Structure formats: C-alpha cells, structure tokens
Amino acid sequence: MLTINRLSLADAHILIGGARAKAEEIGVPMCIAITDESGQLIAFERMDGGKITSTIIAQDKAYTAAGAKRSTESYGTASQPGQPAYGINSTIGGRLTVVAGGIPVIVEGEVVGGIGVSSGTPAQDHACALAGIDRFLVEV
C-alpha cells in the first residue's frame with residue numbers, strides 16, 4: 001500500500017507560528033509561505049510591515065525547497081558563474097531561488113513540503129524558516 005505523508009492546514013499554521021515567533025523576537029516582520037510536497041501553496045502570512053515584494057519571494061523559496069528537496073541557500077555557491085548549477089535560478093520561469101530562507105519540511109525522511117520566509121537579510125530569513133521547522137518537529 002502506498003502512503004503519502006502530507007502537510008495539513010493545521011501543520012502549516014504550526015510552521016508559520018514558529019517562523020512568526022522568531023520574526024517577532026528579532027524585530028523583522030516577515031512574509032511566510034508553506035507549500036505541500038509539490039510546491040503548491042497551503043498557507044501564507046504577511047506580517048504587518050512585511051515587504052510587498054517578499055510575498056512572491058517567500059512563496060518561491062518554499063516552492064524551491066519542496067520541489068528541489070533541498071534548502072534554497074544550498075544553491076548559492078553552485079549557481080555562480082563557472083559552477084555546475086550556473087543559471088539554475090533562471091529556470092522554471094524564474095521561480096527557483098538561490099537565496100537563503102527556503103527549507104524543505106521532512107517527516108520520516110520524506111519531503112512533505114517547504115517553508116519560505118522573506119523580508120529580512122538572508123540569514124534572518126533562514127533563521128525564521130528554521131524556527132518554523134523546529135516548532136513543527138516538536139509539535140508533530
């Protein structure tokens with residue numbers, strides 16, 4: 001029998017809550033997106049003051065993390081000129097992003113979704129996404 005782990009809307013709210021709490025702690029209002037395993041949006045929150053441009057960026061980070069099954073920042077060095085993945089960020093209609101802040105959600109070794117966070121520096125975005133994952137793993 002084939003069983004597929006999937007994120008529910010309730011799971012997405014747990015992930016958003018963890019990311020939001022970290023964003024509040026560091027004082028940076030974020031845009032936070034949660035996708036399913038195929039990169040399709042489940043839930044999104046733009047905190048008061050989150051950058052307008054970051055609404056799309058957060059969604060693309062979550063899409064990349066889920067679809068590629070790896071963090072967005074892992075593409076950073078590999079996507080530079082002369083490197084093996086150079087130009088990858090221009091694929092998929094420009095949706096694949098190489099900036100930190102997108103992390104796959106993994107349950108029992110299987111990617112079940114992605115979280116994408118944007119509005120701060122890449123390090124702040126990554127920290128908030130990681131906080132979302134950490135809360136989710138504790139509560140699931």
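Aspartate 36 is buried, at a relative accessible area of 13%. Keep in mind that this is a predicted model. The side chain of aspartate 36 forms a salt bridge with arginine 6, at 3.9 Å from N to O. That pair brings together distant parts of the chain, since aspartate 36 belongs to strand 1 and arginine 6 to the segment before helix 1 (9-26), 30 residues apart. Arginine 6, for its part, is exposed, with 52% relative accessible area.

Arginine 6 also has a salt bridge to glutamate 37, this one at 2.7 Å, N to O. Glutamate 37 sits in the loop between strand 1 and strand 2, so this pair ties together parts 31 residues apart in sequence. Is glutamate 37 buried, exposed or partly exposed? At a relative accessible area of 21%, glutamate 37 is partly exposed.

Now over to lysine 61, which pairs with aspartate 125 in a salt bridge of 2.9 Å, N to O. Here helix 2 gets linked to helix 3, across 64 residues. Both partners are out of the way: lysine 61 is buried at 1% relative accessibility, and aspartate 125 is buried at 3%. The salt bridge count comes to six.

Helix 2 itself covers residues 54-68 and reaches 20 Å from first to last C-alpha, close to the expected 21 Å. Its buried residues include Ala58, Lys61, Ala62 and Ala65, and what covers the buried residues includes strand 1, strand 2 and helix 3.

Definitions and conventions:
Residues are numbered from 1 along each chain as its sequence is written. This is a predicted model: local features need pLDDT of at least 70, side-chain atom pairs count only at pLDDT 80 or more; totals for chains, interfaces and linings use all residues. Side-chain values use heavy atoms; hydrogens and water are left out. Helices (H or I, at least four residues) and strands (E, at least two) are DSSP runs, numbered from the N terminus. The expected span of a helix is 1.5 Å times one less than its number of residues. Buried means under 20% relative accessible area, exposed over 50%, partly exposed in between (1.4 Å probe, protein chains only). Contact means heavy atoms within 4.5 Å. A salt bridge is a side-chain nitrogen of Lys or Arg within 4 Å of a carboxyl oxygen of Asp or Glu.
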